[in-house]
Structures are given as structure tokens and as C-alpha cells.
Amino acid sequence: VDYYCMLNEINHLVSGYVDNEEEYVRIAKAGYEGIKAGDPDDSFINGGALAGWSRDYANKTYELGILDYCDSYSMHIYDHLNGPETDWMFRSEPDHKYWLDYYDTTGTKQAWITESGWPTRTADDTSNESASRAVADAHDSSSEIEQAQWYTRSMAINSDKDRIDKFFYYALCDNDIDRFDIQSNFGILHSKNARVPFSAKPAYAAVCAFSDIVGCAEFEEDEITDIPF
């Protein structure tokens with residue numbers, strides 16, 4: 001195993017496993033000790049995986065010593081109806097990194113986003129963007145064209161290592177548990193049960209093109225400096 005994660009969205013008001021920070025830190029400590037006992041040398045442990053931008057919850061766990069029991073600490077950041085430049089998404093990521101760095105006395109811990117992305121709804125005629133937008137609005141989702149635009153802009157923004165150390169998207173493929181459920185439609189590929197199984201959404205082509213064009217480029221600097229913490 002290369003990476004371990006504990007636990008998933010433990011602070012979620014509906015489906016979270018524990019309802020207070022103290023209990024989570026106790027669980028994280030026990031998990032850390034168990035993982036290290038079985039995989040002492042190479043294990044990299046990600047803690048947190050908090051639902052949403054949860055500064056107060058995270059800072060409380062930092063104060064309780066959770067950074068002694070993980071190598072990175074992560075959050076899941078979503079905005080179903082807007083792109084990555086909106087206030088919620090744009091400011092949450094560097095805020096997460098700022099406070100983790102503030103509490104990290106070792107200078108070795110990493111701030112991660114382990115889930116982000118946009119669910120899609122589109123009209124049957126995918127070339128009709130106005131129709132796709134109407135369908136998406138009705139389902140609190142993005143259109144497939146918007147998803148493609150937002151993915152590539154997000155990749156550009158979050159290549160800045162001063163904003164976030166590592167950024168993961170959810171998900172590669174629609175899971176099709178329930179085609180009418182938002183949770184089933186985050187993929188940049190359609191599901192295996194689509195009319196054309198695993199067919200590419202525009203976002204898949206956009207991500208591939210972005211990766212090919214940008215290649216091994218490294219982020220130099222950010223012209224935006226007005227982010228208050």
C-alpha cells in the first residue's frame with residue numbers, strides 16, 4: 001500500500017462517523033499506530049478527508065495533536081454550480097494550507113484536497129449548450145461543456161504549490177449507481193451502462209489536451225495576492 005486514508009468525511013452532518021474532534025483524534029491515533037505496526041517504513045497516512053472547507057474542525061484537531069498521526073491532512077471541496085474561481089473554492093484551498101502550515105511544527109506535513117469536481121447533466125443534443133445549461137440547472141449540476149472548462153481552469157489554478165500540496169478529482173467515470181443521483185455523475189467518462197460505454201465527456205478531452213500542452217511546466221507565480229486569512 002502506498003497511501004492510507006482515515007477517515008472519509010467524518011465530520012459530515014448526515015453520514016459522518018463521529019460527531020466531535022476529540023473522538024476523531026482518538027480514532028486517528030489508534031489507526032496510525034495500527035498502520036505503523038503493520039507497515040512501519042513506507043506507509044504514508046492521510047488524515048482528515050473532511051467534508052467541505054472545515055477550518056474550525058481541522059484547527060481543533062490540529063490543537064489536539066492529530067498531525068502527530070498523519071503525513072497529510074485533506075478536505076473535499078465542491079461547488080456544483082460554479083467554477084473554480086468562485087469565492088468558496090478559490091479561497092478554501094490556500095486557507096486550508098495556511099492553517100495546516102501554521103500548526104505544523106515539523107514543516108513536513110502536506111495539505112491535500114482529496115475530492116473535487118463537478119457533476120454533469122446535459123441535453124440529449126450535446127451540441128446545444130443552452131439546452132444543456134437548462135437541464136443542468138434543473139439538477140443542480142454543470143453542463144458537460146462547463147465541466148470541461150472548469151476542470152482545465154482548476155488544473156491551472158491548483159498547479160500553484162503555494163495554494164495546495166496535492167489535488168485529486170472525483171471521479172474518472174460515472175458510477176451509475178443511480179443515474180438521477182448527482183453522486184453518480186461526477187465522471188469525465190460516461191458509465192459502463194451508457195449508450196456508448198465509457199465514452200468520453202468533453203472534460204476528458206480537455207484534461208488530456210491540457211496535460212499534453214502544459215507537459216512538465218512548473219508554476220512560477222500567482223498575480224492574485226488579495227487572499228485574506
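Let me start with a term: a residue is called buried when its relative accessible area is under 20%. Keep that in mind, everyone, as we look at this predicted model.

First, the overall picture. The protein chain has six helices and five strands, and along the sequence they follow the pattern β-α-β-α-β-α-β-α-α-β-α. Of its 229 residues, 45% count as buried. Among the contacts with a separation of 6 or more, 64% are between residues 24 or more positions apart. The accessible surface comes to about 12300 Å², and carbon and sulfur atoms hold 52% of that.

Now, on to helix H2, which covers residues 55–63. Which residues of H2 are buried? They are Tyr57, Ala58, Asn59, Thr61 and Tyr62.

Let me finish with Asn11, which sits in the loop between strand S1 (3–6) and H1. Is Asn11 buried or exposed? It counts as buried, because its relative accessibility is 15% and the cut-off is under 20%. Leaving aside residues up to four places away in sequence, Asn11 touches Leu50, Ala51, Ser54 and Tyr57. Tyr57 takes us back to H2, as one of the buried residues of that helix. With Ser54, the Asn11 side chain makes a side-chain polar contact of 3.0 Å.

Notes
Residues are numbered from 1 along each chain as its sequence is written. This is a predicted model: local features need pLDDT of at least 70, side-chain atom pairs count only at pLDDT 80 or more; totals for chains, interfaces and linings use all residues. Side-chain values use heavy atoms; hydrogens and water are left out. Buried means under 20% relative accessible area, exposed over 50%, partly exposed in between (1.4 Å probe, protein chains only). Helices (H or I, at least four residues) and strands (E, at least two) are DSSP runs, numbered from the N terminus. Contact means heavy atoms within 4.5 Å. Accessible areas come from the Shrake-Rupley method with a 1.4 Å probe; for residues, only the protein chains shown count as cover. A polar contact is a pair of N or O atoms within 3.5 Å; within protein, one must be able to donate a hydrogen and the other to accept it, and residues adjacent in sequence count only if both atoms are side-chain atoms.
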